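Notebook open, model loaded. I want to jot down what I look up as I go.

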Amino acid sequence: MKTLGKIINALIFIFLYAPIAVMIVFSFNSSRSTYVFEKFSLKWYGEFLNSTITITAVKNTLLLAVVSALIATVFGTIASIGIYNLKSKTAKGAIMGVTNIPMMNPDVVTGVSLMLLFVFIGRFLGLASSLSVYTILIAHITFNLPYVILNVLPKLRQVGNTYTEAARDLGCTYSKAFLKVIFPNIYSGILSGFLMAFTLSLDDFVISYFTNGTGFQTLPLLIYSKTKKSVKPDIYALSTVIFVAVLLLLILVNSIKAKSEKQQKTKRSSKAKNIVLTVVSATVCIAIIAYSAIPSENYNEFSKKLKCKYTTSLAGSTLNVFNWGEYISDGIDDTLNVIEAFEDTTGIQVNYDNFDSNETMYSKLKSGAVAYDVIIPSDYMIERLKNEKMLRKLDYSKIPNYKFIDKKYKNLYFDEKNEYSVPYSVGKTGLIYNSKMVKGKVDSWSVMWDEKYKGQVLTFNNSRDAFSIAQFMLGQDVNSTKKSDWKAAAQLLKKQNKVLQARVMDEVFTKMPGNNAAIAPYYAGDFLTMYDSNENLRFVYPKEGVNVFVDSLCVPSNAKNYEAAMMFINFMLEPEVALANAEYICYASPNTAVVNNDNYSLKGNEILYPKKKVKEQYYHNIDSKTRNYYEKLWEEVLLS
Amino acid sequence: MKKSFLSKLINAPYILWSAIFIVVPLIIVAYFTFTNKNGSFSLENIYEIPDYTGIFLRSIIYALVATAITLVVSYPFAYFMSRTKVRTQSMMIMLVMLPMWMNLLIRTYSWTTILEKTGLINSFFGLFGLGPYNLIGTSGAVIVGMVYNYLPYMILPIYTSMSKIDKSYIEAAKDLGSSSFDSLKRVILPLTLPGIISGITMVFVPSVSTFYIADKLGSTKTLMIGDVIQKKFDIDVYSGIGASLSLVLMVIILICIVFMNRFSDSEDGGIIV
């Protein structure tokens with residue numbers, strides 16, 4: 001019996017710690033893979049310490065956790081006393097019922113409902129952006145409160161009224177009676193409430209996801225945006241540090257507890273108080289030390305050179321930038337950290353946030369939930385934003401570097417007169433396959449329907465890109481407004497279901513290099529990133545045609561810092577900056593200063609800059625009726 | 001007199017706060033459920049709900065399976081844990097809680113390394129010439145992810161009620177001639193029922209509404225309702241269908257909680273460990 005118990009418990013601990021072990025092991029990997037361990041290295045620990053974005057996120061998380069937990073504790077304690085003293089049973093029941101809601105409700109619903117409230121209020125007050133650091137703070141306090149109340153209230157019940165009454169009979173005022181009699185007795189409840197609130201706030205992702213505003217990223221949100229693409233071990237390194245810190249803290253608490261338990265018989269209450277006091281002060285101290293000891297910027301030689309070209313007249317102001325995830329050079333592996341370089345050069349503080357689809361960005365802007373000064377949408381979305389008067393004209397006299405933009409990328413359909421956008425990055429879809437797993441010549445999308453590769457084919461998990469493949473196969477226009485065209489394309493997609501392994505987006509970054517699938521459509525530049533870790537991968541532009549897209553820098557009509565936005569756009573076109581970005585993103589650059597630069601490692605790359613003409617089509621903005629129609633078809637494809 | 005005035009004064013801010021940030025948001029969700037894009041009353045979002053029946057059922061089934069597995073695994077674990085030395089017990093409790101301090105996203109993501117076609121498990125089987133098995137992208141992977149993330153929520157309440165049991169009860173049962181299986185069934189199990197009930201609630205509620213886990217470890221065929229709601233609001237902040245799905249999810253959970261509460265008569269509900 002005993003050994004059986006030991007075996008069961010050991011197995012469960014293995015289960016609980018296996019992923020954490022994986023995380024710790026791969027945080028020491030010298031390559032960026034989280035699948036293949038190359039050799040031991042501490043490089044990722046350096047990377048995360050050097051990354052301002054990560055450090056800021058850690059600081060924000062700690063700040064938010066401490067502030068929201070403190071407010072919730074004070075507020076919740078007062079509320080508990082109020083609730084406890086309520087005479088009416090129904091009132092008590094009603095308040096407790098409402099208090100329980102945030103605990104019982106799924107996080108998704110709590111997050112969504114709070115977001116709707118904030119957006120509603122924001123619209124009512126006419127705010128430019130209704131979500132901010134205050135909304136996320138309110139949300140955290142709201143979901144922390146019930147935990148504080150449910151820790152304090154039982155303690156109040158334990159104390160009961162007799163002590164207070166006795167104290168008052170002996171001449172204490174109500175407040176004195178509270179401080180001298182009640183407080184010492186409910187102390188431990190308050191503290192465990194605080195700790196619980198602190199922990200919950202620290203770890204919350206779902207509610208923060210819906211309620212955070214411009215430029216206040218917490219660690220869970222950052223991790224979410226990072227795990228969208230392939231996770232780099234820097235996040236593992238950071239998590240390992242957190243793990244060790246928590247482990248040490250818990251061991252400390254445990255040993256203090258054990259010690260005090262021995263002495264418990266002599267001085268019971270004061271000892272217990274001491275422990276809890278130690279725990280809380282240790283938590284707060286660690287938070288404060290981590291907050292202040294974390295190095296801030298110590299950067300950057302590069303900006304000296306550019307300093308003469310940029311004024312610091314806007315120093316101290318803030319610029320809010322909204323970009324795709326992993327779409328700017330971030331300083332990893334001794335590359336240029338573009339955001340920091342810009343801050344250093346101009347003195348402007350940048351809030352940098354990520355989105356993961358044009359539609360998400362559009363809906364956030366449209367609802368007034370957030371406001372940004374610079375955004376980087378794709379072509380068809382620019383057309384839509386322009387049509388809906390959501391973009392502001394750019395002042396090209398303040399963007400002298402616009403001269404570097406290749407003529408090919410000027411006067412494009414979505415901005416025929418070059419008024420609203422400056423091209424940032426150019427991409428094409430194409431077919432990636434593993435030459436070890438796929439035999440013969442591949443030059444057509446049709447291989448994605450080949451039953452030979454059953455269970456090894458991946459495809460896009462977004463409607464437009466997935467449909468486009470079927471549309472190319474059928475020789476249709478990808479911007480067709482004919483229902484019959486979309487219907488036929490949907491039919492073709494349904495036929496594909498039986499050979500598919502999965503519909504994915506960023507998961508290809510791990511699946512294809514890891515030999516977990518044989519065929520996947522994706523974006524040309526991303527293939528180069530995958531090829532770095534698996535040389536058996538091949539890329540082809542299928543003969544039926546591919547989609548080409550241009551992501552461009554734009555300024556929304558409600559931008560607050562227009563001048564700084566112009567400066568930022570110009571800065572992004574600086575040859576060194578554009579080069580760093582092009583190297584990092586791996587997509588084709590529209591910047592001639594990059595394309596013709598001999599230091600550009602991808603100069604003349606056959607895939608990014610093919611000499612042979614590729615049959616290609618842009619997506620256009622599609623009217624809402626057709627869009628709704630094909631989205632409905634898409635759901636059918638998914639469910640079939 | 002003074003006291004009742006004071007207690008009213010003390011209660012006012014909290015009542016106001018919960019009204020604005022708990023009750024009103026839910027009313028807004030209901031508002032979006034029953035209006036169309038132009039803001040007039042409409043049932044169009046309600047009519048769309050049946051399209052998602054499959055996803056709702058799938059979420060409930062996954063959550064039930066995950067809850068059942070956590071229960072079956074946690075019970076013996078808590079039982080054996082409660083019979084070790086006190087020092088070991090507090091050590092083990094600490095080890096159970098420790099993973100909860102790590103970010104859920106990271107913990108879930110690490111599972112991809114373990115479950116992928118070329119991941120740790122398949123490499124292990126590969127040594128014996130077996131596999132590779134399709135582990136990732138299956139409903140099994142999603143359930144493993146849920147069991148993993150919510151296991152401590154089951155272990156802790158069961159352990160708490162287990163450790164409260166007076167040892168003399170078990171001894172008494174033995175003295176009266178019951179086998180250890182009998183004493184488990186007749187003494188321990190009934191006494192730990194409140195812990196089991198609160199464990200089930202604490203695992204089922206987050207499991208049924210989870211998002212991210214199914215997204216990372218599953219495929220489009222294992223999508224859960226939480227993911228659908230997230231995606232609806234991602235592409236449209238004023239998503240009527242998203243609001244109506246949230247409302248349905250809330251009702252499901254409410255029913256589940258009311259149902260579970262019928263089994264437990266403890267006043268505190270045992271939500272807090």
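Predicted model: local features only at pLDDT ≥ 70, side-chain atom pairs only at ≥ 80, totals over all residues.

Strand β5 covers residues 422–434 of chain A and pairs with β8(A) in the antiparallel sense, over five bridges. Then I checked burial along β8(A), residues 519–523: five of the five residues are buried, so the strand is largely enclosed by the rest of the structure.

I listed the contacts of I519(A), skipping neighbours within four places in sequence. Among them are L431(A), I432(A) and Y433(A), then V438(A), V447(A) and M448(A). The list also includes Y453(A), Q456(A), V457(A), L458(A) and M512(A). For context, nonpolar side chains tend to be buried together in soluble globular proteins.

**Helix α17.** Is this helix buried or exposed? I counted 10 of its 11 residues (463–473, chain A) as buried, so α17(A) is largely enclosed by the rest of the structure. The buried set includes R464(A), D465(A) and Q471(A), along with F467(A), I469(A) and F472(A). Just after the helix, G475(A) takes a positive phi of about 70°.

**A helix pair.** I then turned to α3 (residues 52–85) and α6 (residues 133–159) of chain A. They pack at an angle of about 45°, and their axes are 6 Å apart. That angle makes α3(A) oblique to α6(A). The crossing of α3(A) past α6(A) is right-handed.

**A parallel sheet.** Which strands make up the open sheet, and in what order? I found three in chain A, ordered β2-β1-β3, with parallel pairing. The edges are β2 (349–355) and β3 (374–375), each pairing on one side only. Between β1 (residues 318–324) and β2(A) I got seven bridges, in the parallel sense. In that pairing, F322(A) stands opposite D353(A) of β2(A).

**Whole chain.** Last, I stepped back for the totals. Chain A has 24 helices and 12 strands. Its C-alpha atoms fill a box of roughly 95 × 70 × 50 Å along the principal axes. Of its 640 residues, 59% count as buried. Taking contacts between residues at least 6 apart in sequence, I see that 75% join residues at least 24 apart.

Note on methods. Residues numbered from 1 in each chain as written. Chains lettered and ligands numbered in written order. Heavy atoms only, no water. Contact = heavy atoms within 4.5 Å. Buried < 20%, exposed > 50% of the residue type's maximum accessible area, 1.4 Å probe, protein only. Helix = DSSP H or I, 4+ residues; strand = E, 2+ residues; numbered from the N terminus. Pairing = 2+ DSSP bridges. Axes fitted to C-alpha atoms, helices over the stretch in contact; angles between N-to-C directions. Parallel < 35°, antiparallel > 145°, perpendicular 65-115°, else oblique. Left-handed = near helix turned anticlockwise from the far one by under 90°.
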